[in-house]
Amino acid sequence: MLVGVIVDLSVWGLNKELTYSVPPDLVERVRIGSIVRVPLRNRRVRGWVVNLDAGLGPSGEVSDVPASVAPIAAVSGRGPVFDADLLAVARILARRYVHPLSSFLSLFTPDRLGRRGALWPEVPAPAPRGPVERVLWRLKPGEDPLERYADLIAGELTAGRGVILAVPEVREGSRVLGELAGRFPDDAAVVHSGVDPAERSKALWEVASGRRRLVLGGRAALFAPAFTLGAIVLHQEHDPSFKEQQSPYYDARVVAEVRASVTGARLVAATPTPSLNPAYWTDVDTPAPVTAPLPWRVEETDRLQERTAWPATEVVAPPRRGLPQRAIACILDAKKRGERSIILLPRIRATASGPGPDELMSFLAKVVPGARVARADRPGLGNDPGALEAALTADVVIATEAGLADVPRPAVSVAIALGVDGYFSKPKGRAAEDSIASLWALAGLVGGRRPKGRLILEVHTGDHHGIEALVRGDYKFFVRKEMEARRLADAPPYMAMARLQCPDPAPGLLDRLRELEATRVLGPAQGGSLGYETLLKTRNLETILDPLGTIVSTAPQRVLVEVDPKDW
């Protein structure tokens, strides 16, 4: 028996199937997705079986095993980590992100292989679920989707199918993941980066064996080993941390679409502030080209309900020091009623632009005497004084953007955002999209209250369409204005981008890049981890992926590609 193996070495020269024979005592253990040890250039390396028909002739007959073909040395792990469907997903992603196939096969493999056990039986497929669908749940301000998630999960588990639920990257826990793990203890595999690697690997192997069918984690949860999958859920779909910042630079939202399309799973994205994915916004005045494999059905929030849930919003000018007088008055009034306030700062320390958390705490001690003030600079569930849990009994919470993460937080009636202009003027292309999501989340903390909560925005000019959208409580207004601004600027989603890094921008490499169809080449310029960066801009990414892959794989020096750079 001959099999094709991809070795676990992310170099373009080995981005191909290598043929090995299978010793008789290992034949029963070798399947698509099996982890194996194989000889390569006088050493043993890890690899994955990707082809069981490497020994078949052109008519399907079994060929003799040539004496020159080396045998597999061993089979590792507790069983296969991917099947034919996930292999297809990995091939699509490797092409999409211009990386060797092994870069993605390794993501399907748990960190710890564990002891080899009995061969897992083939899992029978459940009954078909009907037409595959893509659904965007547009949440109301302050709406908690937990019950909707629980209902979806219960339905899929009852039907014999599993679920992957991914949240923005977490290192110290997540309220949603914790709640769902508690509701489905027998099926939940919690695999986010805050879990001990050994425990995370154990949970992933239990998913691969079929013993657990609910995968809960961050973006890497989308690479859970093969199991019978019914639905994929993206919680807070808009969050930029779904984009991986290390090679192979994948976007978990794209991974979810590809895995759902190949496996036939339902895909649900939930957020109050959807990303500017053109598939969601086909009704804007100047829609961008849609490349999604299937159309999305958008479950819109009723505009009247959204407006009713939106807090009373005020725009105030910044004072020379401290807080605006209106903000102080609202904090005092909330304290008198036994309610809490939260202040969102755009910085973690004082600058020429304004105070940091320490300075603000000192100021509040003077103007709101007796108030209990707590800092929430980062998400967390432990005893650290900066954790949000420590703020649950405070009168005033001082938070940065990280403090808006999905962890338990105090109920508040007044939300104050300082230096709002600074959020929208950050030097990156997605500044407006990321900023309004953070400020919308802040509004959600006081949204839906009776009587109405209050949102106070400290701004210098207030002429950005994002600020106007916050005052209106109208996210679609922001989308229309932002999409038009991006169209005029020739920016995504109207233009695709790829960043190339290399140690030496050789003229031959640049000449080949300039030959790519309908592609602008900007640079090179010094920067990046390898020394130089070059930016490609094209209206049709699909047309350049294959020629770009050829250029990168045959370049005389290392070239690292980041498709859809996060900070364009």
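Strands β19 and β21 pair in the antiparallel sense over 7 bridges, where two strands count as paired if DSSP finds at least two bridges between them. Helices and strands are named from DSSP runs numbered from the N terminus, a helix (H or I) needing at least four residues and a strand (E) at least two. This is a predicted model, in which local features need pLDDT of at least 70 and side-chain atom pairs count only at pLDDT 80 or more, while totals for chains, interfaces and linings use all residues. Residues are numbered from 1 along each chain as its sequence is written, and side-chain values use heavy atoms, with hydrogens and water left out.

**Confidence of the model**

- The protein averages a pLDDT of 88, and 89% of the residues score at least 70; pLDDT is the predictor's confidence in each residue, on a scale from 0 to 100.
- Over residues 379-383 pLDDT stays under 50, and for this stretch the model has 16 contacts beyond four places in sequence, a contact meaning heavy atoms within 4.5 Å.

- Of the 7 residues of β19, 7 are buried, so the strand is largely enclosed by the rest of the structure; buried means under 20% relative accessible area, exposed means over 50%, and partly exposed lies in between, as found with a 1.4 Å probe and protein chains only.
- Ala496, Ala498, Leu500 and Cys502 point one way from β19, whereas Met497, Arg499 and Gln501 point the other way, and all of them are buried.

**Helix α15 and what covers it**

- Helix α15 covers residues 541-553, which makes 13 residues, and it reaches 18 Å from its first C-alpha to its last, close to the 18 Å expected at 1.5 Å a residue; the expected span is 1.5 Å times one less than the number of residues.
- A kink of about 30° in α15 is centred on Pro547, the bend at a residue being the angle between axes fitted to the seven residues ending there and the seven starting there.
- The buried residues of α15 are Leu541, Ile544, Leu545, Leu548, Gly549, Ile551 and Val552.
- An α-helix has 3.6 residues a turn, so residues three or four places apart point the same way.
- The elements that cover the buried residues of α15 include β19 (496-502), β21 (531-538) and β22 (560-563), as well as α1 (84-96), α14 (507-514) and β20 (519-527).

**Leu509 in helix α14**

- Leu509 is found in helix α14, and this residue is buried, with a relative accessible area of 7%.
- Leaving aside residues up to four places away in sequence, Leu509 touches Cys502, Ile551, Ala555, Gln557 and Val559.
- Leu509 and Thr554 are 45 residues apart in sequence, and their C-alpha atoms are 9.7 Å apart in space.

**Strand β17 between two parallel partners**

- Strand β14 (residues 341-344) and β17 pair in the parallel sense over 4 bridges, and Ser341 has Val414 of β17 as its bridge partner.
- Strand β17 is joined by 4 bridges to strand β18 (residues 454-458), again running parallel, and Ile416 stands opposite Ile456 in β18.
- From β17 (residues 414-417), Val414 and Ile416 point one way and Ala415 and Ala417 the other way, and all are buried.

**Backbone angles worth a look**

- Most residues other than glycine have a negative phi, and most peptide bonds are trans.
- The peptide bond from Pro492 to Pro493 is cis, with omega near 10°, and Pro493 has its place in the loop between α13 (475-489) and β19.
- The peptide bond from Gly523 to Pro524 is cis, with omega near 10°, and Pro524 is found in strand β20.
- Arg41, although it is not a glycine, has a positive phi of about 55°; Arg41 is found in the loop between β3 (35-40) and β4 (43-51) and is exposed, with a relative accessible area of 68%.
- Gln236 has a positive phi near 55°; Gln236 is found in the loop between β10 (229-235) and α6 (252-263) and is partly exposed, with a relative accessible area of 23%.
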